[in-house]
Amino acid sequence: MAFEQTLLDEDFSNIGQKLYAFAELMYPVCRSITGQGVRDTLEMVREKIPLTINQVPTGTQVFDWEVPREWNIKDAYIKNSKGEKVVDFKNNNLHIVSYSTPIDVTMTLSELKKHLHTIEKQPDCIPYRTSYYSESWGFCLSYNQFKTLPEDDYQVFIDSSLEEGVLNYGEYYIAGESKEEILFYTHICHPSLCNDNLSGISTVTYLAKILTEQDLHFSYRFIFAPGTIGAISWLSLNEQVLPNIKHGLIVALVGDSGKLNYKRNRNLSSEIDRVVCKALEDGNKEFEILEFSPYGYDERQFCSPGINLDVGRLTRTPNNSYPEYHTSADNLDFIKAEKLAESLQAILQIVNILENNKIYINVSPQCEPQLGKRGLYDKTGGKQGVEQNAFAMLWILNQSDGEHSLLDIAIRSGLRFETISNASKSLINCGLLKLVNKA
Amino acid sequence: MAFEQTLLDEDFSNIGQKLYAFAELMYPVCRSITGQGVRDTLEMVREKIPLTINQVPTGTQVFDWEVPREWNIKDAYIKNSKGEKVVDFKNNNLHIVSYSTPIDVTMTLSELKKHLHTIEKQPDCIPYRTSYYSESWGFCLSYNQFKTLPEDDYQVFIDSSLEEGVLNYGEYYIAGESKEEILFYTHICHPSLCNDNLSGISTVTYLAKILTEQDLHFSYRFIFAPGTIGAISWLSLNEQVLPNIKHGLIVALVGDSGKLNYKRNRNLSSEIDRVVCKALEDGNKEFEILEFSPYGYDERQFCSPGINLDVGRLTRTPNNSYPEYHTSADNLDFIKAEKLAESLQAILQIVNILENNKIYINVSPQCEPQLGKRGLYDKTGGKQGVEQNAFAMLWILNQSDGEHSLLDIAIRSGLRFETISNASKSLINCGLLKLVNKA
Amino acid sequence: MAFEQTLLDEDFSNIGQKLYAFAELMYPVCRSITGQGVRDTLEMVREKIPLTINQVPTGTQVFDWEVPREWNIKDAYIKNSKGEKVVDFKNNNLHIVSYSTPIDVTMTLSELKKHLHTIEKQPDCIPYRTSYYSESWGFCLSYNQFKTLPEDDYQVFIDSSLEEGVLNYGEYYIAGESKEEILFYTHICHPSLCNDNLSGISTVTYLAKILTEQDLHFSYRFIFAPGTIGAISWLSLNEQVLPNIKHGLIVALVGDSGKLNYKRNRNLSSEIDRVVCKALEDGNKEFEILEFSPYGYDERQFCSPGINLDVGRLTRTPNNSYPEYHTSADNLDFIKAEKLAESLQAILQIVNILENNKIYINVSPQCEPQLGKRGLYDKTGGKQGVEQNAFAMLWILNQSDGEHSLLDIAIRSGLRFETISNASKSLINCGLLKLVNKA
């Protein structure tokens, strides 16, 4: 039995709560591109879906990059001369620059300041900073706190390690009828930041969970990996899989209150762009289509010229476009259960179109077939207009010359994909349409 | 001698009267998709042009359809218990649902109501209803009358017949120089309704009459047939003719006060669309271009995927878009002589472009030829601008590289087709242009 | 060393003065399509650049045209019966219709008026008129003077000659690395008119002077020739050169205060159009793009179907669009040093794009290359956004698949060509880009 649109009618206020609760569960973990926090997070995902957790050793060459050493951290703080912790990693893991090297020294304020990061324009927020590929250490704190730090001798303590180890990522594959596959990718390397990207991890996890129970045409692959180096590692180690990937979607930043944004693919006329645009249009909620650009999230890698997969990106408010981005304000208040649910619903509608889009041929193509004698047309003539289902049947019959898919027909007619898809069923049942191809 | 644009200068207030008078003459006849009313109407057309009247026997298989039995009606009424005719077919043939079966019974109001059709929102109008393919009977009446009908025993009387017979259609062919042909199609199955479609019958009849007297490049075929089943019958019985049809136009609903509407062809870049758009643009009257859709009039059949002819549709206010549509308000007051004339004029301008559109080659293509020495260019230089005829000549010379037709040039230059066509004559006369092809 | 963008930073208020001064120097000369005035003007240009001055004998057949006799004029006036010169060529060379035949007769006012040209709507202006191909004579004067001429016997005296001679044009060629060439063409046939076209002569002269000192990829050809007959002569005599011409630009009317106007090429998707549009866009000044039409300046000849070169036209306010056009009001007050400089600057930006537009291939196309380890990317991650140079590098790496030029990338990214061009240098330096082709 094919993927059922009725799924879309599930109680989404309920699923919103589940999506939110999962983000809440993952929130305290200190993630980075490697280390225990990543493994802990992947384990949490594995409790919901049968995830495979893979590891790539430090030093592995992945295209132009090398897998870095594994970073772990136990504790970090700045103490003043009275022995008070003025900045404490245990209060908020954003306080530490990710990949900070271990240190235990005492220094003056002016020495210390070279290692402090703040955002003057958002004086209450702790910024999120990383230094993956340049050995150094640093602390992040609110500008309001920063400016009140008195001259003093400060003890700086970081109990971290940077050692040979592994980079982890999670992968889950659902085999469908076809080995052609749809890829969903979300990054997992951010510490206590909610929209970016616990929203993505939670949404993709529940998407995978829902699709597990379905009969599917396509195969589906879900990747949970650190940003940039994770995507590069996966692509480098899975080149044999790439020819199977028909379309893909980067899912990230899908829990805030903004409208959905779809960022188009590098390729100017890719099917995934048409599918997502139609799904969002049919969703009857405000949305925006962004042109492709090579800056953003992991579409950067999937859309590089030597990979060049048809992978778009679904977010709500895009990175860099909201002040809470990469600060402590991207917290559990910033994401909404309802918005997570709407994002998942939109993705299910995308899957619905992908699964059910087919090319049929009208087997009675000369003039209209007589729908009335098949019980498909109003017997009383002369009335104003035609009801929508009959109109959809006329469109399908008119366009099903073997060249146009149901999606093509939905787009040209301006009707919802679901309306076209439902109308096609009546025509298939009475033998007027014959399947030519899965689109 | 080629088709002359001067035709377009004929006294069109006069032709408007003729078009209107012909509609008036046909108005009282009770037409349906078959029967005596159709034959009477075709005879009226035959008095103006040498029409061939064809018949297709009941039961003939035409693609997915079968020609239905012939329906004729002599009388029909509803009498109250006092013997008064409260609804009488002889007052208005819309009172009877077309294809009503014969009956003579007495029944209560509540029984009767199951067979009564009204439009509550237009309480003064009698609706037009049909039941061609489902045996039944019914009466149509205004909602105002309907709601005052008292409880009573009503005699229902319909003196109709539904018997083996024929479906009729009329056809007229003018042979031009080329066997490539232009098709004009209008439906003839509506009873006392003026815009839909006495306006079409009258306009196409006079168009045919005017073209009869011309030397024409293309051959022209005019079909007067019932809607849907008539078009399907004609197409089914004339498959050998279809390859000759280069362009076509459904003409219907061309007498109301609305602006002209052209509905595009199924094929996205068909010549007929460009020709009609340019003709309407040159006409300097408001108009609208509608996208193709598979609902409407007989373009539904001509544009079905297995027929797929380049056939557009010219109407004024489209079907379903005005309240008078398919009601007794579509009467002789609803159509205007002046609008009928304007519609005919627009069609003649379409024919003008079709007939006179040609591809020439500039035989002096390197730089501009010296128009001054041929008396075609102002001898005094330095003035502001250039007069329109010289500008048109420059456009023609520039674009006539064997790839662009006069229509292409008129569209790119933004000049009227007539301006380009006239300017081409001077260039042909002095030998600067050579004919490459009829477009 | 390649063409340097830094040229664009030259002191352009200074070059504006030079451009203006050169126009001022040429202003008094009485030019026409042939004669001493043309030679004098070409000599003035030769003092700045090593111009070749060519001559085409009277009677030479050039495509559909014939080189006319050479016209020279020494004096011309109209004297009233008191012996006062009421119109005197020596006051303003616009007073004489160009190519007026010699005459010395006395006539009445009403006889004289047949030979007088005025513009009633601009009563203070002397119009500019010519009669190259129709032997006649005439005077031009302001309408205000014209209407006060009393009845009288007037002596009409024109000391001109129309004899076998030559048509002159100037040509200058700079050989670049490639024999593919860029053509700049300006007309030189107008007498004391500044915008049309001393502005063009001056600008193209200084352009040629600047490019002389550069190492250039393309070869450059500069033609200074009379309008229409000069362009036709040059094209007719240089057919062997035409295959080398890759792009061209007519430069004319570039000194007035209006915004720059670029008139597109006859060919709908020519590279020169894209280059000029991007250069003007990057210039951050208001501009307008005009569709091609076969009326205007010498693009008429270069874009004729048998020549069909990719030659656009750069003007400020186009011919026919300002009242001063072809009148004595197109004088030294009408053109501005600053606007001449801006026009030259725009052309240099066009040359800059032409010279520096190349197609590279990203040699590390699978995922992004690691820019950080090459010192090209901010080492601290997590910040909002990316700085422009890094963004430009990402665009170049993403699009450099061998199909897209730097111009393509600048257009798609919306970044300035210069930003893209500069960013490409860092990528070339670190070996990430390899040259595929000069675009």
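Across the interface of chain C and chain A in this predicted model, 17 residue pairs, both members at pLDDT 80 or more, are in polar contact, a term that denotes a pair of N or O atoms within 3.5 Å, of which, within protein, one must be able to donate a hydrogen and the other to accept it, residues adjacent in sequence counting only if both atoms are side-chain atoms. On the side of chain C that touches chain A, the largest share, six residues, comes from helix α10 of chain C, residues 388–399, helices being DSSP runs of H or I with at least four residues and strands runs of E with at least two, numbered from the N terminus. Between chain C and chain A there are four salt bridges, each defined as a side-chain nitrogen of Lys or Arg within 4 Å of a carboxyl oxygen of Asp or Glu. One of the side-chain pairings that meet this rule joins A:R300 to C:E368, with an N to O distance of 2.4 Å.

The contact, for which heavy atoms must lie within 4.5 Å, takes 33 residues from chain A and 27 residues from chain C. About 2,600 Å² is buried between the two chains, with carbon and sulfur atoms giving 48% of that area; buried area is the accessible area (1.4 Å probe) that two parts lose on being put together, summed over both. Of the area that chain C buries against chain A, 25% is supplied by C:Q366, C:C367 and C:E368, more than by any other three residues.

Within chain A, the secondary structure comprises twelve helices and 19 strands, and the C-alpha trace spans about 90 × 45 × 35 Å along its principal axes. Of the 439 residues of chain A, 62% count as buried, that is, under 20% relative accessible area, with exposed meaning over 50% and partly exposed in between (1.4 Å probe, protein chains only). Among the contacts in chain A with a separation of 6 or more, 81% are between residues 24 or more positions apart. In helix α7 of chain A (residues 271–282) lies A:K278, which is buried at a relative accessible area of 3%. Residues up to four places away in sequence aside, A:K278 touches A:I353, A:L407, A:A410, A:I411, A:G414, A:L415, A:R416 and A:F417.

A search of the whole structure finds zero disulfides over all chains, a disulfide being a pair of cysteine sulfur atoms within 2.5 Å. For B:C189, the nearest cysteine sulfur, that of B:C30, is 12 Å away, and B:C189 is buried, with a relative accessible area of 4%. The sulfur of C:C125 is too far for a bond, because the closest cysteine sulfur, in C:C140, is 12 Å away; C:C125 also counts as buried, at 12% relative accessibility.

Residues are numbered from 1 along each chain as its sequence is written, while chains are lettered from A and ligands numbered from 1 in the order in which they are written. As the model is predicted, local features need pLDDT of at least 70 and side-chain atom pairs count only at pLDDT 80 or more, whereas totals for chains, interfaces and linings use all residues, and side-chain values use heavy atoms, with hydrogens and water left out.
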